Amino acid sequence: MKDRNLHTDQTVHTDQAWNELYSRLEQDNLIPARGQKRLMRPVFAGMAAAIAVLCLCGALGIWLLNDWGTDERLLSLKNGPEDNTLVTTLEDGSIIYLAQDATLSYPEHFEADKRLVKLDGNALFDVSGNKQRPFLIETKYTTIEVVGTAFNVKNNGKNDFELSVQRGLVKVTRLDNGESSFVKAGETVILNKNLFLKSPTSDMDQFARYTERIQFKDETLANIVRVINRMSSQPVQLSSSELENRRLTVSFYDNSPAAMTELICLALGLTSEQKEDTLVISAP
């Protein structure tokens with residue numbers, strides 16, 4: 001979504017912003033139908049204009065493929081060229097932050113001995129640890145093998161290949177000749193003119209940039225809350241396991257836990273309260 005959509009006027013009327021949000025939520029079946037109990041209006045002043053754009057997700061696609069020479073049915077997740085970071089959680093709990101114009105392909109269920117995905121474009125991976133079941137990422141030029149770590153992959157055609165590790169250890173292997181390089185936290189490796197070049201990571205802010213503007217597509221509330229807790233020092237929790245499988249399509253521009261929690265409650269007809277230092281989401 002282009003920045004010009006965020007501030008078309010310096011003075012945004014609260015009532016107009018709220019009405020636009022309510023209409024969009026109603027259209028997407030994210031609020032009760034007319035005649036049912038209406039949602040409470042946000043209590044914090046000045047947030048209506050921000051909320052009005054939070055739920056407007058850009059174009060993205062999810063489709064099924066048959067690939068990799070097997071009968072395994074693959075899911076392919078594509079983020080639009082002007083969209084926010086698309087966040088998805090795989091069945092093993094690994095969290096993928098998909099950048100603009102990037103595509104991730106992965107099986108519905110991972111194999112018993114490995115977790116293999118394909119990436120075209122840029123993405124931040126936060127991989128759940130499992131030494132008996134390594135996580136493999138196949139790109140145009142390399143295969144990346146991890147056990148449990150967080151790292152950023154740049155594979156968008158501007159450069160041949162670049163990987164920066166935030167934590168853990170990653171093994172990168174060239175597809176053409178089998179040459180490998182081990183990259184640890186704080187290091188970056190690039191594939192330049194068929195050579196691996198490794199150096200200290202100069203841009204440590206690259207990891208945080210993935211979470212400045214994020215979106216979820218038909219994601220469970222449990223996974224959304226888990227991502228929020230990875231991003232923030234203030235914990236958010238669900239009061240009941242019955243809420244975990246509620247699903248939501250939503251975008252966040254203000255990454256404060258209070259703002260994200262407020263929007264979740266607004267969209268799903270839930271309530272929130274702060275208990276000591278924790279924001280608790282509950283059914284009304």
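Contact here means heavy atoms within 4.5 Å of each other. This is a predicted model, so a local feature needs pLDDT of at least 70 and a side-chain atom pair counts only at pLDDT 80 or more, while totals for chains, interfaces and linings use all residues. Residues are numbered from 1 along each chain as its sequence is written, and side-chain values use heavy atoms, with hydrogens and water left out.

**View 1. Arg115 and its surroundings.** Arg115 is in strand S6 (residues 115-120); strands are DSSP runs of E with at least two residues, helices are runs of H or I with at least four, and both are numbered from the N terminus. Setting aside residues up to four places away in sequence, Arg115 touches Asp92, Ser94, Phe110, Val127, Ser128, Asn130, Arg133, Pro134, Phe135, Leu136 and Val147. With a relative accessible area of 1%, Arg115 is buried (buried is under 20% relative accessible area, exposed over 50%, partly exposed in between, with a 1.4 Å probe and protein chains only). A polar atom of the Arg115 side chain lies 2.7 Å from the backbone oxygen of Arg133.

**View 2. The phenylalanine cluster.** Phe110, Phe125, Phe135 and Phe151 make up one aromatic cluster. Rings of Phe, Tyr and Trp (its six-membered ring) pair if their centres lie within 6.5 Å; planes under 30 degrees apart are called stacked, over 60 edge-to-face, and the rest tilted. By this rule there are four aromatic pairs. Phe125 and Phe135 have ring centres 6.2 Å apart and planes at 65°, so they go down as edge-to-face. Phe125 is in strand S7 (residues 123-126) and Phe135 in strand S8 (residues 135-138), so this pair ties together parts ten residues apart in sequence. Both of these residues, Phe125 and Phe135, are buried. Phe125 also pairs with Phe151, this time stacked, at 5.4 Å centre to centre and 10° between the planes. That pair links distant parts of the chain, with Phe125 in strand S7 and Phe151 in strand S10 (residues 150-154), 26 residues apart. Phe125 has a relative accessible area of 0%, and Phe151 is likewise buried at 0%.

**View 3. Arg213 over Tyr253.** Here the charged end of Arg213 sits over the ring of Tyr253, 5.0 Å from the ring centre. A charge gets this label if NZ of Lys or CZ of Arg is within 6 Å of the ring centre and within 35 degrees of the ring normal.

**View 4. Thr88 in strand S3.** Look for Thr88 in strand S3 (residues 85-89). Thr88 is buried, at 11% relative accessible area. Leaving out neighbours within four places in sequence, Thr88 is in contact with Leu77, Ser94, Ile95, Ile96 and Glu219.

**View 5. Helix H5 and what follows.** Helix H5 (residues 257-268) has twelve residues and reaches 16 Å from its first C-alpha to its last, close to the expected 16 Å (the expected span is 1.5 Å times one less than the number of residues). Eleven of the twelve H5 residues are buried, so the helix is largely enclosed by the rest of the structure. Among the buried ones are Pro257, Met260, Glu262, Cys265 and Leu268. Just after H5, Gly269 takes a positive phi of about 70°.

**View 6. Zooming back out.** The protein chain has five helices and 20 strands. Of its 284 residues, 47% count as buried. Residues 24 or more positions apart account for 50% of the contacts with a separation of 6 or more.

Note on methods
A polar contact is a pair of N or O atoms within 3.5 Å; within protein, one must be able to donate a hydrogen and the other to accept it, and residues adjacent in sequence count only if both atoms are side-chain atoms.
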